[in-house]
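Biologist: I have a structure open and want to learn how to read it. Can we take it feature by feature?

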Amino acid sequence: MMDRLFPARFDNDYRGHPAALALLGAFLLLKAFASINQIGVNPWWSSRAVLQGVEAVPLRAFGSTEADVALTLFAWWGVEGLAWALLGVMALFRYRAMVPLYFLIAAATKIADQAIVEASPLTGMLGTGATPPYAAIALLLIGLALSLTPARRRDNGA
Amino acid sequence: MSGGLFPRQFDNDYRGRRLALWLLAPIVLVKAAMGANTVLNTRFVIDTADAIPLADFSTGAQEAIIFMYQAWGLCPSLLAMLGLVALIRYRSMTPLVFLLLAVENIARRAIYMADPFSFAAPPLTPSTGALINYALMVLLATGFLLSLWNRKDPRREGA
């Protein structure tokens with residue numbers, strides 16, 4: 001298994017199940033969309049609206065300085081997410097041998113995120129108390145398993 | 001350049017200047033330390049490194065900001081891990097790692113410069129965190145160029 005996660009080279013020779021690639025594509029689309037919204041470069045949806053509406057952070061109850069800091073941090077978080085999404089796009093289109101490692105890193109990040117959520121005193125905002133993160137962790141682990149499962153070769157018996 | 005930045009495969013066949021690898025190693029260490037510190041000593045980092053007057057904020061704002069700092073702090077640690085993997089096993093990935101780290105640093109700074117915190121009004125004194133990030137930006141740009149600069153390989157020339 002270590003050879004599949006850390007092969008001698010990352011090239012486009014992917015040997016896992018094709019469903020893992022579809023799953024990765026869907027994950028990257030969502031991740032890139034969320035990151036772009038966080039950074040505040042979506043002209044139709046401001047980062048303030050996302051932070052208040054989707055993440056349920058009561059920005060109106062914050063002072064202007066508090067809201068400024070929260071929005072800047074939200075954007076920084078989005079930059080990191082976008083950097084990882086870009087790396088995922090590279091893995092998907094040019095270095096598919098990297099796909100299992102990418103799933104492993106993405107799943108580990110989500111699990112660590114969830115640990116921070118559990119330790120936080122926050123309730124009802126920024127994903128605290130929600131079930132979707134668990135679904136995302138499960139999907140990423142399924143993706144990891146699929147990417148490590150050898151696909152049947154079509155040229156068998158040829 | 002795309003051959004150096006996006007080669008056909010990432011392996012341990014590194015063709016850039018050796019100095020870039022020596023630069024990447026401490027940068028990876030600093031990034032990992034910054035990430036871990038942000039997650040584990042969040043309040044200290046916010047107060048001292050980033051000079052944000054957290055104690056003046058309401059409890060709700062403090063909790064939300066601490067949470068976002070921790071969630072964001074995970075990412076530098078992960079980027080550092082990617083750098084470590086590149087250094088150990090996939091050195092031809094070095095230019096891409098430099099580029100990712102540089103873009104991440106510059107984009108973060110650009111977001112801040114576009115809308116600086118009101119409490120950091122002029123005269124602007126850069127916080128410790130900002131100074132570390134400026135130094136990192138210079139090192140990352142230097143490392144990126146050095147990693148793309150092919151070194152002479154007598155074996156290849158003689159072949």
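Biologist: Which residues does Asn37(A) touch, not counting residues up to four places away in sequence?

Modeller: Contact means heavy atoms within 4.5 Å. Asn37(A) touches Asn42(A), Trp45(A), Ser47(A) and Val50(A) on that count. One of these, Ser47(A), is ten residues from Asn37(A) in sequence and 5.7 Å from it in space, C-alpha to C-alpha. This is a predicted model, where local features need pLDDT of at least 70, side-chain atom pairs count only at pLDDT 80 or more, and totals for chains, interfaces and linings use all residues. Residues are numbered from 1 along each chain as its sequence is written, chains are lettered from A and ligands numbered from 1 in the order in which they are written, and side-chain values use heavy atoms, with hydrogens and water left out.

Biologist: Is Asn37(A) buried or exposed?

Modeller: Buried means under 20% relative accessible area, exposed over 50%, partly exposed in between (1.4 Å probe, protein chains only). Asn37(A) counts as buried because its relative accessibility is 3%. It sits in helix α2 of chain A. Helices (H or I, at least four residues) and strands (E, at least two) are DSSP runs, numbered from the N terminus.

Biologist: With which side chain does the side chain of Asn37(A) make a polar contact?

Modeller: A polar contact is a pair of N or O atoms within 3.5 Å; within protein, one must be able to donate a hydrogen and the other to accept it, and residues adjacent in sequence count only if both atoms are side-chain atoms. Here the partner is the side chain of Asn42(A), at 2.7 Å.

Biologist: Now the two chains. How many residues of chain A are in contact with chain B?

Modeller: 40 residues of chain A meet 43 residues of chain B. Buried area is the accessible area (1.4 Å probe) that two parts lose on being put together, summed over both. For chain A and chain B that comes to about 4000 Å², 76% of it on carbon and sulfur atoms. Trp76(A), Glu80(A) and Ile116(A) supply 17% of the area that chain A buries against chain B, more than any other three residues.

Biologist: How many salt bridges does the rule find across the interface?

Modeller: A salt bridge is a side-chain nitrogen of Lys or Arg within 4 Å of a carboxyl oxygen of Asp or Glu. The rule finds one across the interface of chain A and chain B. The side chains of Glu80(A) and Arg108(B) form a salt bridge, at 3.7 Å, N to O.
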